[in-house]
Amino acid sequence: MLTRDLSVTVLGNTGVGKSTLIRRLKGENIEDISPTTSIEVHQKSIRLKSQSFKSAFSIERYRSYRVRAIDCPGDMSLWPYWKKALADYDTNGIIFMIDPTQDAKVQIDALTQVSNYFLMTLDDDVVRAERKARKVKAIFFLVVNKVDLMDFSKGKADQILRENYQTAWNHLKERYPNSGHYWEAISAIEKSEEMDDSIDGIFETIKREIYGD
Ligand SMILES: Nc1nc2c(ncn2[C@@H]2O[C@H](COP(=O)(O)OP(=O)(O)OP(=O)(O)O)[C@@H](O)[C@H]2O)c(=O)[nH]1
Ligand SMILES: [Mg+2]
C-alpha cells in the first residue's frame with residue numbers, strides 16, 4: 001500500500017513543548033531539550049487508524065503516513081522564522097501549542113501572528129490575501145500542552161481556552177472559514193497509552209481532513 005504524505009508546522013511561544021511533541025512522535029528521548037534556534041525539518045513514518053477499511057482484520061485498519069514536521073523557534077525575537085517556515089514548506093496543518101502555565105497575552109499575540117503570517121503566504125496584496133483566506137482549506141489545530149500541571153486536565157484546558165483564547169481563535173475561524181479548526185489537550189511528556197491515543201488523534205484528524213478517511 002502506498003505511503004501518504006502529511007506535513008505539519010508546529011508553532012507557539014518558547015517553552016510550550018513543540019520540540020518535545022515532535023521528539024515524542026519520532027520515538028526519541030524527550031529529556032534535555034534545548035530551545036530551538038532555527039527551522040528544523042523532521043521526518044517520521046507513522047501508522048494511523050483508517051476509517052475506510054471495514055475489514056475484520058485489524059491490521060488493515062491502519063495505514064502508513066510519512067509525516068514531515070517543521071519545528072520552529074518560539075522565542076518572540078525569532079517569530080519571523082514562522083513566516084519563512086510557512087512560506088517555504090507547504091503545510092497540511094498548523095499545530096499551535098499553548099502552555100497554560102505561561103502568560104496568556106504573549107501566546108495570544110503569537111496566535112495572531114500565525115494568522116497574519118499564514119495570510120501573507122496567500123498573496124502579497126492584503127485584500128487579495130483576505131479573499132483567498134476565505135476559501136483556503138488549511139487546518140488549525142490548537143494544542144493545550146502540559147495538562148499534567150493542571151487540576152482538571154481537559155475540562156480545565158477548555159475553561160482556559162474559553163477565558164483567554166476565544167477572541168483570537170474566533171478571528172482565525174472568521175478569517176479562514178473554509179479551514180478546519182480543532183483543539184486538543186495533551187501532555188507531551190506523559191507516558192501512557194491514553195496519551196499516545198490523544199497525540200495520535202491529532203495526526204489522525206489532520207490526515208482525515210486531507211485524505212477523507
Ligand atoms: N510538565 C510538562 N513539561 C513539559 C511538557 N511538554 C514539554 N515540557 C517541558 O517544557 C520545556 C520546554 O519544552 P520544549 O519542547 O523545548 O519547548 P519548545 O516549544 O520547543 O521551546 P522553543 O524551542 O524555545 O520554542 C522542557 O523542559 C520540557 O520538558 C508537558 O506536557 N508537561
Ligand atoms: Mg523547540
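**The sheet and its surroundings**

Guide: In strand β5, the residue Val144 is the bridge partner of Ile98. That pair belongs to a set of five bridges joining β4 (residues 93-98) to β5, two strands that run parallel; strands count as paired if DSSP finds at least two bridges between them. Helices (H or I, at least four residues) and strands (E, at least two) are DSSP runs, numbered from the N terminus. The model is a predicted one, in which local features need pLDDT of at least 70 and side-chain atom pairs count only at pLDDT 80 or more, while totals for chains, interfaces and linings use all residues. Residues are numbered from 1 along each chain as its sequence is written, chains are lettered from A and ligands numbered from 1 in the order in which they are written, and side-chain values use heavy atoms, leaving out hydrogens and water.

Stepping back, the strands form an open sheet of six with mixed pairing, in the order β2-β3-β1-β4-β5-β6. At its edges are β2 and β6 (180-185), each of which pairs on one side only. From one strand to the next the twist averages 25°, where angles run from 0 to 180 degrees between N-to-C directions, and axes are lines fitted to C-alpha atoms, for helices over the stretch in contact. Elsewhere in the sheet, β1 (residues 4-11) runs parallel to β3 (residues 62-71) and is joined to it by seven bridges, with Leu6 standing opposite Val67 in β3. Strands β2 and β3, by contrast, run antiparallel and are joined by 10 bridges, and here Glu40 has Asp71 in β3 as its bridge partner.

Helices lie across these strands. Helix α1 lies across β1, β2, β3 and β4, at about 150° to β3, whereas helix α2 (residues 80-88) lies across β1, β3 and β4, at about 165° to β1; contact here means heavy atoms within 4.5 Å.

Ser19 lies in α1 (residues 18-25) and Thr36 in the loop between α1 and β2 (40-49), so the pair ties together parts that are 17 residues apart in sequence. Both Ser19 and Thr36 are buried, a term for under 20% relative accessible area, with exposed meaning over 50% and partly exposed in between (1.4 Å probe, protein chains only).

The loop between α1 and β2 also holds Asp32, which is exposed at a relative accessible area of 74%. Phi of Asp32 is near 55°, a positive value in a residue other than glycine. Most residues other than glycine have a negative phi. Lys146, which is not a glycine either, has a positive phi of about 65°; Lys146 is found in the loop between β5 (139-144) and α5, and at 22% relative accessibility it counts as partly exposed.
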